[in-house]
Amino acid sequence: MYKTEFNISKMDCPSEENLIRMKLSEYDIAKLEFDLEKRILFVYHSEDIAPIEKALSELNLGSKVLSTSSVEHFEIVEDTSKQRSLLWTVLIINFAFFVVESLTGFVSKSMGLVADSLDMLADASVYSLSLFAVGGSPLRKKNIAKAAGYFQIVLAIIGFTEVVRRFIGVEEIPEFKTMIIVSILALIANGICLFLLQKSKSKEAHMRASMIFTSNDVIINLGVITAGTLVYLINSSYPDLIVGTIVFVLVVIGAIRILKLGK
């Protein structure tokens, strides 16, 4: 048995962890250990590491082999029922905020909130993929991944189209109060999800405040809050549209990663 250490430079939240778990589910791997804060992945394997390394590179998360060593003994501790319960919890939280942010985004005329809602939907899709893939065939997992990825891309394209229309046309100023309040709630929700998932790990699992602020989801929430503040200060919709565009790009990038699971 061998233990290979990877640095995954773009692995900064549980969504990327779930993508990696699904991507590697078809390989003969005894155990995976994640350190999200340090962006490190340990793979315990008996087969050649080359196919695993290639699979990780296909996710475009900046994977790099750091070291490989032989091991004689290690513990595999799994609590499938507990993992499924946690996945359902974070799935429900993310999907609920997708609904809340999309509705309030349209009502308040904020593309930042609408875009952030799609990011929440992207996370919910990853968690649902993890749940449906449990015990399922590789073909089933790939089909679900394709459907989720294409769905997110279609929604992002619709969002881009709306942003362009608002840049060209004359639109009302978004309601900055709604933007800020809803984004703060979404920020809290993301913090709860990160806490629950990190707390569920074994000995090395801790919840560190610094980890929350390295998460893409948290950065996006802070971006929308900043945009809402700028909308108020300069009385313009441009900050909202700019943040919305950036988030739509991130959603498309995430969707492409999910689509890679379907190959």
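Helix α2, residues 49–57, has four buried residues, namely Ile49, Ile52, Ala55 and Leu56 (buried is under 20% relative accessible area, exposed is over 50%, and partly exposed lies in between, with a 1.4 Å probe and protein chains only). They span an arc of only 125° around the axis, so they sit on the same side of α2; the arc is taken from the directions from the helix axis to the C-beta atoms. An α-helix has 3.6 residues a turn, so residues three or four places apart point the same way. Where α2 starts, a side-chain oxygen of Asp48 comes to within 3.3 Å of the backbone nitrogen of Ala50.

All of this is read from a predicted model, in which local features need pLDDT of at least 70 and side-chain atom pairs count only at pLDDT 80 or more, while totals for chains, interfaces and linings use all residues. Residues are numbered from 1 along each chain as its sequence is written, and side-chain values use heavy atoms, with hydrogens and water left out.

As for the overall layout, the protein chain has nine helices and four strands (DSSP runs numbered from the N terminus: H or I of at least four residues for helices, E of at least two for strands). Along the sequence they run β-α-β-β-α-β-α-α-α-α-α-α-α. Of the 263 residues, 47% count as buried.

Now to the charged pairs. The structure holds five salt bridges, each a side-chain nitrogen of Lys or Arg within 4 Å of a carboxyl oxygen of Asp or Glu. One of them joins Glu58 to Lys23, with the closest N and O atoms 2.9 Å apart. This pair ties together distant parts of the chain, 35 residues apart: Glu58 is in the loop between α2 and β4 (63–70), and Lys23 is in helix α1 (residues 14–23). Lys23 is buried at 10% relative accessible area, Glu58 is partly exposed at 30%, and Lys54 is exposed at 52%.

Another salt bridge brings Glu162 and Arg166 together (2.8 Å, N to O). Both lie in helix α5, four residues apart, so about one helical turn separates them. Arg166 counts as buried, at 11% relative accessibility.

Methods:
Polar contact = N/O pair within 3.5 Å; in protein donor to acceptor, adjacent residues only side chain to side chain.
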